[in-house]
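Below is a short note for a colleague who is new to this structure. It takes up the charged side-chain pairs and then one of the sheets.

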Amino acid sequence: EESVPLTLGRVRPTGAGHLLRMRLGDGADANNRFVVGRQTGAASADLFEVGADDVAHLRTGTFDFGQSTRQMIDLWSDGGHQYGIGVQAGTLYARTGADFCWFRGGAHANGAGDPGGGSLVMRLDAGSRLTVS
């Protein structure tokens with residue numbers, strides 16, 4: 001947004017620490033983005049970006065979590081590590097508080113086991129029963 005100034009500031013929220021906050025504009029859409037990239041001569045490459053539409057993109061490359069074993073991705077939690085993905089010695093794991101479901105097609109739906117217009121391919125329920133469609 002050409003008429004909105006870029007602002008950069010440091011704020012201290014309640015509690016310890018500081019936040020470095022950059023304001024890219026007022027609109028909550030994909031056109032307002034923070035982009036990290038590289039320039040080689042006249043060619044540039046966008047490597048990582050975060051949009052005001054709440055979407056982050058890693059355009060090229062990979063995420064590297066190093067060589068520590070742990071739960072590396074916490075997908076949702078109410079204080080513990082209930083839903084996530086991690087690595088143990090020789091094992092990749094996924095953690096859930098209830099069921100695992102695999103869907104084909106569709107879109108996100110909040111109901112447990114709801115394929116959101118797609119189809120349920122497989123379900124492993126909390127009782128360790130496997131259902132294959």
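1. A word on the basis comes before the details. This is a predicted model, in which local features need pLDDT of at least 70 and side-chain atom pairs count only at pLDDT 80 or more, while totals for chains, interfaces and linings use all residues. Residues are numbered from 1 along each chain as its sequence is written, and side-chain values use heavy atoms, with hydrogens and water left out.

2. Glu49 is buried, with a relative accessible area of 4%, where buried means under 20% relative accessible area, exposed over 50%, and partly exposed in between (1.4 Å probe, protein chains only). Glu49 forms a salt bridge with Arg33, and the closest N and O atoms are 3.1 Å apart; a salt bridge here is a side-chain nitrogen of Lys or Arg within 4 Å of a carboxyl oxygen of Asp or Glu. This pair links distant parts of the chain, since Glu49 belongs to strand 4 (residues 43-51) and Arg33 to strand 3 (residues 33-40), 16 residues apart. Arg33, for its part, is partly exposed at 38% relative accessible area.

3. The structure holds four salt bridges, and another of them joins Asp99 to Arg123, with the closest N and O atoms 2.4 Å apart. Asp99 lies in the loop between strand 8 (91-95) and strand 9 (100-104), whereas Arg123 is in strand 10 (residues 119-124), so the pair ties together parts that are 24 residues apart in sequence. Asp99 is partly exposed, with a relative accessible area of 24%, and Arg123 counts as partly exposed at 30%.

4. Asp125 and Arg129 also meet through their side chains in a salt bridge (3.0 Å, N to O). Asp125 counts as buried at 18% relative accessibility, whereas Arg129 counts as exposed at 53%. Elsewhere, salt bridges that share partners join Arg33, Glu49 and Arg59 into one network.

5. Strand 4 and strand 5 run antiparallel and are joined by three bridges. The bridge partner of Phe48 is Leu58, which lies in strand 5.

Technical notes. Helices (H or I, at least four residues) and strands (E, at least two) are DSSP runs, numbered from the N terminus. Two strands pair if DSSP finds at least two bridges between them.
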